[in-house]
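Colleague: Could you walk me through this one? I'd like to hear about the domains and then the helix packing.

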Amino acid sequence: MKAFSYERIDDAAQAAARAFEVPGSKFIAGGTNLLDLMKHEIEVPAHLIDINGTGLDDIVATDEGGLRIGALVSNTALGADERIKRDYPVLSRALFAGASSQLRNKASTGGNLLQRTRCPYFYDPAMPCNKREPGAGCAALDDGADTRQLGVIGTSDHCIATHPSDMAVALRVLDAEVETVSPEGQTRRLTLDEFYALPGDTPEVENALEPGEIITGVVLPAPVGGRQRYYKVRDRASYAFALVSVALIETDDGKGRVALGGVAPKPWRREDADAELGNGAEAVMAKLLDGARPTEENAYKLTLAERTLAALLAKE
Amino acid sequence: MNSSNNVERQTKTVTPNSSTYSLTINGKRHTLTLDNRTTLLDALREHLQLTGSKKGCDHGQCGACTVSINGERVNACLTLAVMHQGDEITTIEGVGDVEHMDPMQQAFIDNDAFQCGYCTPGQICSAKATLDEIRAGIPSHVTQELNGPIELSDAEIRERMSGNLCRCGAYANILKAIHQVAKEQATEERS
């Protein structure tokens, strides 16, 4: 790990201003992903700003009938919250499908959104990666590369990594918004679709955050009700990243929403695919996975996504 | 004024690469001055000679370093010691010793729940937390009803222990040890 300086700042806007001011700054909350990457020297911050004292660790009701989740709320506390379990069960299910108990206790809501891909080539500094080193090339696109776990849609000729979060897939299907504060103290809200960037020719840009801008919370709209499910397909029964995951909400009016994890650089959802839910999994996936560019090794994900949705729709 | 502000900004260097802080471990306060890179696990093992917590993978995948911070189990390898000023940390040394064995430690012995023993301190810290978390009503991936009671099934315990690996494969007996303590606790609560 490279040496770094450290300070604790107990106000989010001040932390944002400080991060803007000090070159090479990174915020640290739970640190479970950041420290892992720092040990590999994939992340090499010169300065860490510990934001654990900013008080962003509660879940409060909003005037619109929803909830505002502080950026520091742990994955365990969020998944186990009575209001989340009752009114947003797809979010609880997604959270408990991810990581281990030890990690969920430490991992924060904001950090979960910002976690980096688990692409094996991103994690191996001996291999070229456009995310780690813009312009270096992408080892995942070489002949014979191991692409079984990588993306099938929304990818580019420069990067085919996926976003690893389960939580973000549930937030996407719930129409949640990310709340931030800038170094100047300006707040803004972004939908998850606006928040996450597709790789294009700049795979190192993963989201819409400006320099210094900090996530202060996530806002859930009023509960949508309906039957909510999260189904994660993985190589082992626990503590593994998704090959494919499906977040599904079926509302009483016969309508619904569906988002996919494990297939794209961001939680994957299309409104025209939602509209096909009454016509079955094949019709949904024809829209949702339209334009997919799988490799020979990961083309199975297209079939797996459709069958996973079909299984969920058939389940009582 | 402006120019002096600029000078001040340019010379406003960040803090050095080491920090001084106090950690409360097993009820005892320790003041340390360490490189900021020091993980909680390295602070415990290399600087406080509390070598019960083990370093397996050093990346949060094996659970051998599991300790409790403010009552919640975490991977000590994936958190910086400098971030824990004022926190209450409990390691395996604080769980119990040969003279004052914790029921979970006794249950591991009774059920032969280890072979080489390297993962055992982490397993025991995690096993204790597993039962605490079930009692607190925190659901898991395999819990049938999010809002219902949590059944103490094999599947429920296995899922909650999935962050602790055992390369000797003592899982079956670890499961028995946890069931034993769960039964003892249930009996205690009834009486």
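Modeller: Domain bounds here come from an automatic or database domain assignment, and on that basis chain B is divided into domain 1 (3-95) and domain 2 (103-190). This is a predicted model, in which local features need pLDDT of at least 70 and side-chain atom pairs count only at pLDDT 80 or more, while totals for chains, interfaces and linings use all residues. Residues are numbered from 1 along each chain as its sequence is written, chains are lettered from A and ligands numbered from 1 in the order in which they are written, and side-chain values use heavy atoms, with hydrogens and water left out.

Colleague: How far apart do the C-alpha centres of domain 1 and domain 2 of chain B lie?

Modeller: Those centres are 27 Å apart, and the contact (heavy atoms within 4.5 Å) takes 13 residues from domain 1 of chain B and 15 residues from domain 2 of chain B.

Colleague: And how much do the two domains of chain B bury between them?

Modeller: About 1,200 Å², 54% of it on carbon and sulfur atoms, where buried area is the accessible area (1.4 Å probe) that two parts lose on being put together, summed over both.

Colleague: Switching topic, which residues of α5(B) meet α7(B)?

Modeller: Helices are DSSP runs (H or I, at least four residues), numbered from the N terminus, and B:Q123, B:A127, B:L131 and B:R135 are the residues in α5(B) that meet α7(B).

Colleague: At roughly what angle do the axes of α5(B) and α7(B) cross?

Modeller: Roughly 45°, with the axes coming within 11 Å; axes are lines fitted to C-alpha atoms, for helices over the stretch in contact, and angles run from 0 to 180 degrees between N-to-C directions.

How values were computed
Helix = DSSP H or I, 4+ residues; strand = E, 2+ residues; numbered from the N terminus.
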